[in-house]
Amino acid sequence: MPSTTSSNLDTVRNWLLAKHPERTSIAADEDLIKARLVDSLSFVEFVLTVEEASGVEIDHEAIDLEDFRTLEAIERKYF
Amino acid sequence: MSGTAIRVGVDLVPLTRVQAMTDAGDDARLHRMLTPAEIALSRFPTGWDLHGVAGRLAAKEAVFKLLHVPGRPLPWQSIEILKSPGEWPCVRLTGPAHRWAADAGIEAVDVSISHEELFAVAVAATAAARPGHTHMPTHTHTYPHMHPHKEETHAQHHLVQP
């Protein structure tokens, strides 16, 4: 249901905000990589967070970065 | 003009980032980023060797940077930073990293790692085929050994294994 999807995506958004206490919000179309909200070290944990929130098992070796570039891209692909 | 071009990659990892991964009491992230062989090299009897892990992660990122692969995240499991018998770091590429290296005409990658109290830094270097030049299929190369310094192990080495 839409409300569940939104709630689960909020889990991802809240994970990012917890990592970046200087931020109070993240727009759905904000480039997470360009904004340095996710880097290579945190990306593994980020993918695990998306996996847990979406319930979708993600093949780490086959990831296309475009699917993780924005919250709306993540929602489109995994929620 | 030579048919090869030098490529370098560099990365810096703060110890605090590794500490945060181990403090969480959940090693899942490190087990995603390190292969079993690397884990065996990165642990003391009392727990993780934080400097060793930081240096290894920095070296993986440095190697990934010189592969020049757009749109893909670092394939942690397919870039291994191991140790030669002389204790200097050496690189083993498998899976996607091996394919990308072969596509670029890369036959050998060297890495150098240095540790300070709060950071680890790594530099990787290689020779790749210039665009437009054909290259021979990859095969394993071993280079003459350098003399490792206690703090800064400089590796010349290895390679690209399927």
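Me: What do buried and exposed stand for here?

Reply: Buried means under 20% relative accessible area, and exposed means over 50%. This is a predicted model, and the mean pLDDT of chain B is 83, with 79% of its residues at 70 or more.

Me: Which residues of helix 1 of chain B are buried, and which exposed residues sit on the face turned away from them?

Reply: As a general idea, an α-helix has 3.6 residues a turn, so residues three or four places apart point the same way. In helix 1 of chain B, residues 15-23, the buried ones are B:Leu15, B:Val18, B:Met21 and B:Thr22. They lie on the same side of the helix because they cover an arc of only 125° around the axis. The face turned away from that buried side carries the exposed residues B:Thr16 and B:Asp23.

Me: What covers the buried residues of helix 1 of chain B?

Reply: The cover includes helix 2 (40-54) of chain A. From chain B it includes strand 1, helix 2, strand 3, helix 4 and strand 7.

Me: How many residues does each chain bring to the contact?

Reply: Chain B brings 15 residues and chain A 16. Between them the chains bury about 1,400 Å², 58% of it on carbon and sulfur atoms. On the side of chain B, B:Arg29, B:Arg32 and B:Pro73 lose the most area to chain A, together 39% of what that side buries.

Me: How many salt bridges cross the interface of chain B and chain A?

Reply: The rule finds three. A:Asp39 and B:Arg17 meet through their side chains in a salt bridge, at 3.0 Å from N to O. Helix 2 of chain B gives the most to the side of chain B that touches chain A, with three residues.

Note on methods:
Residues are numbered from 1 along each chain as its sequence is written. Chains are lettered from A and ligands numbered from 1 in the order in which they are written. This is a predicted model: local features need pLDDT of at least 70, side-chain atom pairs count only at pLDDT 80 or more; totals for chains, interfaces and linings use all residues. Side-chain values use heavy atoms; hydrogens and water are left out. Buried means under 20% relative accessible area, exposed over 50%, partly exposed in between (1.4 Å probe, protein chains only). Helices (H or I, at least four residues) and strands (E, at least two) are DSSP runs, numbered from the N terminus. The arc is that of the directions from the helix axis to the C-beta atoms. Contact means heavy atoms within 4.5 Å. pLDDT is the predictor's confidence in each residue, from 0 to 100. Buried area is the accessible area (1.4 Å probe) that two parts lose on being put together, summed over both. A salt bridge is a side-chain nitrogen of Lys or Arg within 4 Å of a carboxyl oxygen of Asp or Glu.
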